[in-house]
Amino acid sequence: MTQSGLPDNAPVAAPEDRTPAALAHASSLIAMVISAGWLSFVGPLIMWVLYKDRSPFVRQAAAGSFNFNLGLWVMSIVGWIFILTVIGIPIGAVLLVVSFLGQIIGHIIGTMRATKGRTMGYPFQIKVLR
């Protein structure tokens with residue numbers, strides 16, 4: 001049970017907010033494929049701008065997805081810097097793999113949770129949007 005008295009698996013969003021929230025999560029994966037991962041934060045940013053005043057659920061989903069992408073984007077840049085130093089190749093490779101898998105797994109889970117009306121608490125966030 002949550003503090004509000006609702007069961008932990010109770011939906012927190014109206015049915016009409018679930019699709020845009022799921023799209024806020026899934027847009028990162030779509031952009032990741034199109035841009036080789038470098039523009040994965042654009043989709044959630046667009047969804048945040050469109051829904052920030054219309055739906056708190058979609059705003060939270062888009063902000064979480066954006067902030068998560070920003071954190072993993074920074075991780076990728078640090079990974080590439082390590083790789084370019086040659087001596088840091090093992091560390092850089094691990095950071096890139098964690099970033100890549102984190103984006104895929106995190107956004108799939110976020111998309112699935114949003115379709116059920118549930119929120120997603122992403123790790124590795126740089127909280128820029130709220």
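Predicted model: local features only at pLDDT ≥ 70, side-chain atom pairs only at ≥ 80, totals over all residues.
Q: What is the phi of V86?
A: V86 is not a glycine, yet its phi is positive, at about 65°.

Q: Is V86 buried or exposed?
A: Here you compare the relative accessible area with a cut-off, and exposed means over 50%. V86 has 59%, so it counts as exposed.

Q: And S76, is that buried or exposed?
A: The cut-off for buried is under 20%. S76 has a relative accessibility of 11% and is therefore buried. This serine belongs to helix α3.

Q: Which residues is S76 in contact with, leaving aside neighbours within four places in sequence?
A: Contacts of this kind show what the fold brings to a residue. For S76 they are W38, L96 and S99.

Q: How do α2 and α3 pack, at what angle?
A: For a helix pair, read the angle and the axis distance together. Helix α2 (residues 42-51) packs on helix α3 (residues 56-84) at about 150°, and their axes are 8 Å apart. Over 145 degrees counts as roughly antiparallel, so that is how α2 and α3 run relative to each other. The crossing of α2 past α3 is left-handed.

Q: Which residues meet there?
A: From α2 come P44, L45, M47, W48 and Y51, while α3 brings V58, R59, A62, A63, S65, F66 and N69. Sorted by class, this contact has nine nonpolar, two polar and one charged residues.

Key
Residues numbered from 1 in each chain as written. Heavy atoms only, no water. Axes fitted to C-alpha atoms, helices over the stretch in contact; angles between N-to-C directions. Helix = DSSP H or I, 4+ residues; strand = E, 2+ residues; numbered from the N terminus. Parallel < 35°, antiparallel > 145°, perpendicular 65-115°, else oblique. Left-handed = near helix turned anticlockwise from the far one by under 90°. Contact = heavy atoms within 4.5 Å. Nonpolar A, V, L, I, M, F, W, Y, C, P; charged D, E, K, R; others polar. Buried < 20%, exposed > 50% of the residue type's maximum accessible area, 1.4 Å probe, protein only.
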